[in-house]
Amino acid sequence: MGSVAADHFERLYREHADPWNVAGAWYERRKRGLLLAALGRERYGHAFEPGCGAGDLTLRLAQRCDRVCAVDVASAAIGRCRARLADAGIRHVDVLTLNLPGQWPPTPPGGFDLIVVSELAYYLDAAALARFLDAVDASLAQGGELAACHWRADFSDRAQATDVLHDAMAALAGLVPTARHEEAEFRLDLWRRQS
Ligand SMILES: C[S@@+](CC[C@H](N)C(=O)[O-])C[C@H]1O[C@@H](n2cnc3c(N)ncnc32)[C@H](O)[C@@H]1O
């Protein structure tokens, strides 16, 4: 099986207001709270959020970051994310429609000091994951933090197991684990790149 195709996500967002009930489900709200609480610093300079969807996590990251780059493959999700940020009066988030990892956002000088991969990487096949992690590796600043959070259960469009993704991230050079939280339903890991 290859990576899940872009038009799958486009269709999901066109057919459903919130395809995974990211805004309302207790699983999502609780996990988002745990992820945000696990981030090591109060403030970040420039964060990258791949697979931002309709922006539920983006809105929260924007409160802790001077700048955020939020990217999703589905233009329908990006439209919603932009509208919600505008409604909230938030102007320091760059929101881009890109199909990762073949497309990648501009990396700031010195790299992003936070990259948050939430419920995204299991859609990438092995080749795309390797390319994605190469790009993450090249985009993460010295001293920057990488956070990953993924559901563990099987589902029809999963391309890779959660443990495979997180173990591949853990193997990136120079990353030191700083936090780990495991439950039957999901796994959350944080690493810091040694400066
Ligand atoms: C399950 S949702 C998770 C949304 C958000 N990250 C969260 O944790 O609430 C997965 C998101 O990843 C996006 N996505 C999937 N594959 C992608 C790719 N190759 N490039 C960019 N975004 C992608 C989907 O469009 C969708 O918005």
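Student: Between which two strands is the loop that contains Pro101?

Tutor: This is a predicted model, in which local features need pLDDT of at least 70 and side-chain atom pairs count only at pLDDT 80 or more, while totals for chains, interfaces and linings use all residues. Residues are numbered from 1 along each chain as its sequence is written, and side-chain values use heavy atoms, with hydrogens and water left out. Helices (H or I, at least four residues) and strands (E, at least two) are DSSP runs, numbered from the N terminus. In these terms, the loop that holds Pro101 lies between β3 (93–97) and β4 (112–118).

Student: What kind of peptide bond joins Leu100 and Pro101?

Tutor: Most peptide bonds are trans. Between Leu100 and Pro101, omega is about 0°. The bond joining Leu100 and Pro101 is cis.

Student: In what order do the elements of the protein run from the N terminus on?

Tutor: The protein has six helices and seven strands. Read from the N terminus on, the order of its elements is α-α-β-α-β-α-β-β-α-β-α-β-β.

Student: What is the radius of gyration of the protein?

Tutor: The radius is taken over C-alpha atoms, and the globule rule is 2.2 Å times the number of residues to the power 0.38. For 195 residues that rule gives 16 Å, and the protein comes close to this value, so it is as compact as a globular protein of that length. Its radius of gyration is 15 Å.

Student: What percentage of the residues of the protein count as buried?

Tutor: A residue is buried under 20% relative accessible area, exposed over 50%, and partly exposed in between (1.4 Å probe, protein chains only). The protein has 195 residues, and the share that counts as buried is 51%.

Student: Is strand β1 largely enclosed by the rest of the structure, or largely open?

Tutor: Strand β1 covers residues 44–50. Six of its seven residues are buried, so β1 is largely enclosed.

Student: Is Leu172 buried or exposed?

Tutor: Leu172 is found in the loop between α6 (162–170) and β6. Contact means heavy atoms within 4.5 Å, and, not counting residues up to four places away in sequence, Leu172 touches Leu133, Val136, Asp137 and Leu146. Its relative accessible area is 13%, so Leu172 is buried.

Student: How far apart are the C-alpha atoms of Leu172 and Arg84?

Tutor: Along the chain, Leu172 and Arg84 are 88 residues apart.

Student: With which residues is Glu28 in contact, leaving aside its neighbours within four places in sequence?

Tutor: Glu28 lies in helix α2 (residues 26–38). With a relative accessible area of 11%, Glu28 is buried. Its contacts, apart from those neighbours, are Trp20, Asn21 and Val22.

Student: What is the phi of Asn21, a residue that is not a glycine?

Tutor: Most residues other than glycine have a negative phi. Asn21, in the loop between α1 (6–15) and α2, is partly exposed at 39% relative accessibility. Its phi is positive, at about 50°.

Student: Near what value is the phi of Glu119?

Tutor: Glu119 lies in the loop between β4 and α5 (126–139). At 15% relative accessibility, Glu119 counts as buried. Its phi is positive although the residue is other than glycine, and the value is near 55°.

Student: How far is the C-alpha atom of Gly79 from that of Phe155?

Tutor: Gly79 is found in helix α4 (residues 75–87) and is partly exposed, with a relative accessible area of 36%. Phe155 is 76 residues away from Gly79 along the chain, and the separation of their C-alpha atoms is 26 Å.
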